[in-house]
Amino acid sequence: MSILLSFIIPAYNAEPYLRECLDSIGRLNMRGHGFEIIVVDDGSTDGTGELLANYQKTHAEVVVLSQENRGLSAARNAGVRCAKGKYVCFVDADDHIYAAQPPVDVLGGQDIDIVGVNILQVDGAGKRMPYRRYVPPYNHLYVPARTFMQGRNLMPCAVAYFFRRAFLEQENVHFTEGIYHEDEDFTVRAFVQASSFMALNVDWYERLLHAESITTTKDVLKQQQKLRDLVKVLSRLDGMAQSDSEWRACMQYKLDYLAVDMLRLLLRQRHTRQFQREIVGAMRELGYFPLRWHSEWKYVLFNAYTRVVLCNL
């Protein structure tokens, strides 16, 4: 049986929650299609390796790769290199697949490079809510995929999409290793280079919020590194946009809102004036401070506010 889906799960010290993640995938009704679960043990020091060894005894679809701790991006890249499925689907080890079955009719049919699905976010109290920046037109085929980005703050989360593996390989689209915000970088580059995209109204993925996760950390040094990495991502994507006028037309809205996210984090978190000066100075060099103007009233207010508050840095 050919493999339709390769689920790629990076796992670092994931013993407390990895089994629930694996079980959520195992419960899927694949409707006669093959699948594999590739777990990349990224140098775990807890019982993750033993858990996986035991799980493999009763689940032939599970493939385990072990490597020294190199981070999320390196683990995902290793998983893609090993994958045999027509599509790859990224899953974080502390999250779950929510749906009862994948959209196999679409994935098994025409060769769409990127297929989007919905994410649900679950807080500490168990409250479930949609996690999206927009409600896209569903079931519409965008050719090329980047035309979907025009006028939209593209959802960056890699777990919100199925990626056709042959497309990733042909265009050499991979995660940049050693940085935070790897999804912002990867997903935008994928959309720029993909031939086609379709969004489906399928509640597919459950994202669980944890107080100590990378995205919610209160560690000031990590916050600063994340902001510096956002500058790197913005610089790289802006350079990509400048290389092609049609690419820039599709990418600019997303890049402007990436700059908004950077300033929002900079103002919300407690940073020294020296660090604020560093980030604003880098954004000035890239041409993203002061912010460009857009017509949305919230954007206009935030733009004006940041010009007043940060103009003297």
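Predicted model: local features only at pLDDT ≥ 70, side-chain atom pairs only at ≥ 80, totals over all residues.

Strand β2, helix α2 (residues 48-56) and strand β3 together make a right-handed β-α-β unit, where right-handed means that, with the strands pointing away from the viewer, the path from the first strand over the helix to the second runs clockwise. Helices here are DSSP runs of H or I with at least four residues, strands are runs of E with at least two, and both are numbered from the N terminus. Residues are numbered from 1 along each chain as its sequence is written, and side-chain values use heavy atoms, with hydrogens and water left out.

Within that unit, β2 and β3 (residues 62-67) pair in the parallel sense over six bridges, pairing being called when DSSP finds at least two bridges between two strands, and V39 has V64 in β3 as its bridge partner. Strand β1 (residues 3-11), helix α1 (residues 18-26) and β2 also make a right-handed β-α-β unit, and β1 pairs with β2 in the parallel sense over eight bridges.

Which residue in β2 stands opposite S6? That is E36, while in β4 the bridge partner of S6 is V88, in keeping with the parallel pairing of β1 and β4 (residues 87-90) over four bridges. As for cover, eight of the nine residues of β2 are buried, and eight of the nine in β1 are buried too, where buried means under 20% relative accessible area, exposed over 50% and partly exposed in between, with a 1.4 Å probe and protein chains only.

Turning to the rings, the structure holds 18 aromatic pairs, counted for Phe, Tyr and Trp (its six-membered ring) when centres lie within 6.5 Å, with planes under 30 degrees apart called stacked, over 60 edge-to-face and the rest tilted. Why is the pair of Y161 and F197 edge-to-face? Their planes stand at 65 degrees, with the ring centres 6.3 Å apart, so the pair falls in that class. Because Y161 lies in strand β8 (residues 161-164) and F197 in strand β9 (residues 197-208), this pair ties together parts that are 36 residues apart in sequence. Y161 is buried at a relative accessible area of 3%, and F197 is buried at 2%.
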